[in-house]
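I opened my notebook to keep a record of what I looked up in this structure, one topic at a time. I begin with the sheet, then turn to the helices and a few single residues.

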Amino acid sequence: MARFNVGSTLQASAPTTATQRRRSTAGSSGLWPGMGGLRMRMPSTRAQQQQQQQQQQQQAVGEDGESINYENLDELFREDDAPTPVVQRTNSGELATARLNILSAQKADPSGSLQPLPTRRQMFGMYLDSSPAGRRWDQVDALLNTAIAALHVYNTTRLRKGRLGAPYWALASEAVLGALLLAQFVPRYLLAPDPLEYLRSLFSVITLITALTPIAVVANIAIDPDMYGTFMSAGSWVFLYPVVFWRLQPALLRCLVPIKNVYRMSAMTRNVLRALTTVFTTVLAITVLTHVMVFYQNKDRNDEIQGFDEALFFIAVSAITGLSSDIEPDTWFTRSVVLFVMFIGIFWLPPRVAEMLSLWRDRSPWPAAFDAETNQAHVLVIGDLEYTALFEFLREFFCEDHGVRTVNTVVVVMSEKSPGKEVAELLHDPSYVNRVKFVLGSPTSFSQLERVQAAQAQAIFLLSSKAAGGHASAEDAAKVMIALAVRKFLRSSGVRRRVPIYAQVLLPESTMHMDFLADHVICVEELRLGLLARSVMVPGFASLLQLLTSSIPATITEPLVRAANRCRRPWLAEYSQSMSHEIYPTRISSIFIGERFQKAAHVIFQRTGATLFALRIPDRDTAAEGDGRVIINPANYKLVGDELGFVITDNALASVQIAYLSEAAAVAVED
């Protein structure tokens with residue numbers, strides 16, 4: 001009888017024979033000494049055959065009576081002369097269903113090898129604990145509690161001398177809200193892991209008091225109508241109303257939990273709100289108790305009824321200054337309240353206020369989003385940059401030689417870390433305060449990339465920290481992950497145009513990973529070593545390339561030229577003047593179509609003073625932008641019109657002039 005494993009259903013339909021696959025197993029093969037790792041099959045022993053027969057009794061029965069071994073994975077590689085039968089899809093599905101039903105029906109054994117399935121209560125409780133629906137439930141709970149407290153405050157404003165009762169509609173509304181609060185509490189009790197322990201908890205006790213007190217007041221009025229004329233129409237139940245405000249504190253704090261927060265607020269804002277909630281609800285609870293006790297202390301004097309606002313002002317003044325208000329502390333209770341509130345103001349309130357001030361002081365002053373103006377373009381720079389790197393980037397980017405396009409271009413610097421003191425001072429420099437925006441956020445988050453409008457950026461730069469040192473590998477790995485996230489975001493955003501990504505890596509081995517993610521990759525180490533090697537063969541090559549790739553405006557080079565002329569050093573004046581030249585790309589004017597490169601370069605030099613030294617010829621077989629090859633000084637190449645030229649000039653205006661040269665600029669050039 002042939003054996004096969006259920007995993008073989010994933011194999012091809014062709015039978016597997018001994019000549020197609022050989023693999024040794026612990027029970028059917030061994031390693032002979034001196035065979036150089038060659039594995040050979042050994043015959044099974046008698047004991048192994050008996051063990052296999054016992055295992056056959058525990059196997060499920062497949063199609064056509066073939067037994068299926070679920071336990072011995074070595075049988076998957078058993079070499080039989082007969083072809084291995086293939087389990088049909090329908091049959092394997094029935095076997096899987098039957099096996100799942102068997103596992104579901106089993107209980108956990110003493111060794112714990114099988115775990116029982118969770119109950120519906122556990123599944124529903126986990127869903128509420130880990131989903132926004134649970135947070136919405138907490139919000140409903142806090143809303144009901146707030147509504148009951150607000151109605152109580154409203155009822156205090158209706159109190160007059162000789163009219164102590166609250167409006168009927170307000171009492172009925174409180175009872176309805178209490179019933180709703182009780183109704184939403186019952187599922188919490190039923191879903192608790194230990195319902196009895198949850199019922200004995202402090203939160204459950206104050207919840208029941210908050211929910212049942214308005215109901216008890218309405219029921220008591222229905223039984224004894226004379227109670228409607230008592231204070232707040234609540235009789236003795238009025239002493240339980242401070243619990244309503246006491247419960248408001250945990251109810252609101254549950255809405256500010258950091259996990260699955262539905263308000264999308266920062267951690268600092270959450271902590272400040274939690275501290276404010278603690279202070280405010282504590283003061284309100286004391287105010288309600290004071291308002292009730294002051295009424296009962298003064299009712300025999302036939303004095304005016306103090307309002308809730310007066311009681312609140314009394315508590316606030318006593319807590320902060322210790323002075324008195326319209327409520328005179330002339331009884332034992334009011335004096336006790338004053339001492340208690342002053343104790344709170346001295347020992348309990350200052351740490352909470354200090355905590356709020358500390359959280360507010362530690363908040364990030366940097367925005368989490370960027371909004372461009374109507375006629376504004378922007379580029380995105382991602383990386384943890386130190387002062388020198390950011391200063392050099394901004395100096396090069398906003399150099400006046402680059403033309404007017406940089407005037408309405410904003411550099412958006414995005415980093416997961418807040419900038420240091422020096423970088424912050426650079427960002428607040430008058431030259432960059434309106435042209436450079438720092439955004440605190442993660443470049444691997446799609447939502448935060450959307451906030452900085454990464455899909456609308458003219459270019460994205462991924463810059464590495466040159467001070468990484470021994471952490472260069474980790475720095476490059478982080479940039480690879482950022483490039484992967486940015487590229488995936490750009491593809492999912494649906495933007496048709498291609499946003500170029502310029503990546504900088506520190507190690508040469510990292511370039512092979514970046515080649516598939518970024519459009520242009522620069523390795524600092526490769527560039528440095530390449531320049532050193534080329535400088536050995538061509539002295540001065542490193543200086544030439546450094547000057548051509550660095551933008552130095554004429555305002556800096558002209559004083560150097562004048563100083564060199566005064567010293568009568570013409571070579572120094574020529575060198576200083578050439579420092580202002582950079583390499584710029586340019587489109588070739590249509591007047592040069594059909595002309596040779598040599599003639600076009602001569603005309604361009606005579607008309608603009610720029611030196612055309614190279615062309616990028618696109619690959620005309622593909623429509624992908626950026627494909628093609630760069631040729632230096634192709635003298636006899638005839639221009640077609642789709643080439644991109646590279647010129648050496650002192651400003652970007654010359655490259656614009658080259659693209660718009662007219663027929664009048666033609667110059668006769670001898671071949």
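Which strands does helix H15 lie across, and at about what angle does it run to E8? I found that H15 (residues 472-492) lies across E5, E8 and strand E9 (501-505), and that its direction makes about 160° with E8. I noted that angles run from 0 to 180 degrees between N-to-C directions, with axes being lines fitted to C-alpha atoms, for helices over the stretch in contact. Helices (H or I, at least four residues) and strands (E, at least two) are DSSP runs, numbered from the N terminus.

Before going on, I wrote down that this is a predicted model, in which local features need pLDDT of at least 70 and side-chain atom pairs count only at pLDDT 80 or more, while totals for chains, interfaces and linings use all residues. Residues are numbered from 1 along each chain as its sequence is written, and side-chain values use heavy atoms, with hydrogens and water left out.

**The sheet.** I looked up the strand order and found an open sheet of six strands, E7-E6-E5-E8-E9-E10, with parallel pairing; two strands pair if DSSP finds at least two bridges between them. Strand E7 (436-440) and strand E10 (520-523) are the edges, each pairing on one side only. From one strand to the next, the twist averages 20°.

I then followed E5 (residues 377-382) to its partners. Three bridges join E5 to strand E8 (residues 460-462) in the parallel sense, and Ile382 has Leu462 in E8 as its bridge partner. Helix H12 (residues 387-397) packs on this sheet, where it touches E5, strand E6 (409-415), E7 and E8, and its direction makes about 160° with that of E6; contact means heavy atoms within 4.5 Å. E5 and E6 run parallel and are joined by six bridges, among them one in which Val381 is partnered with Val413 in E6.

Why is E5 described as largely enclosed by the rest of the structure? I found that five of its six residues are buried, so the description follows from that count. Buried means under 20% relative accessible area, exposed over 50%, and partly exposed in between (1.4 Å probe, protein chains only).

**Two helices.** I learned that two packed helices are described by the angle between their axes and the distance between the axes. Helix H5 (residues 168-191) and helix H7 (residues 202-223) pack at about 145°, with their axes 8 Å apart. Among the residues that meet, I marked Leu171, Leu182 and Phe185 in H5, and Leu208, Ile215 and Ile221 in H7.

**One arginine.** Arg247 sits in helix H8 (residues 241-254). Is Arg247 buried or exposed? I recorded Arg247 as buried, because its relative accessible area is 0%. Leaving aside residues up to four places away in sequence, Arg247 touches residues including Asp141, Gln184 and Thr207. I also checked Arg247 against Ser204: they are 43 residues apart in sequence and 9.7 Å apart in space, C-alpha to C-alpha.

**Cysteines and the whole chain.** I looked for disulfides (pairs of cysteine sulfur atoms within 2.5 Å), and the structure holds zero. Cys255 is buried at a relative accessible area of 11%, whereas Cys567 is exposed at 52%. Finally, I noted that the chain has 22 helices and 14 strands, and that buried residues make up 38% of its 671 residues.
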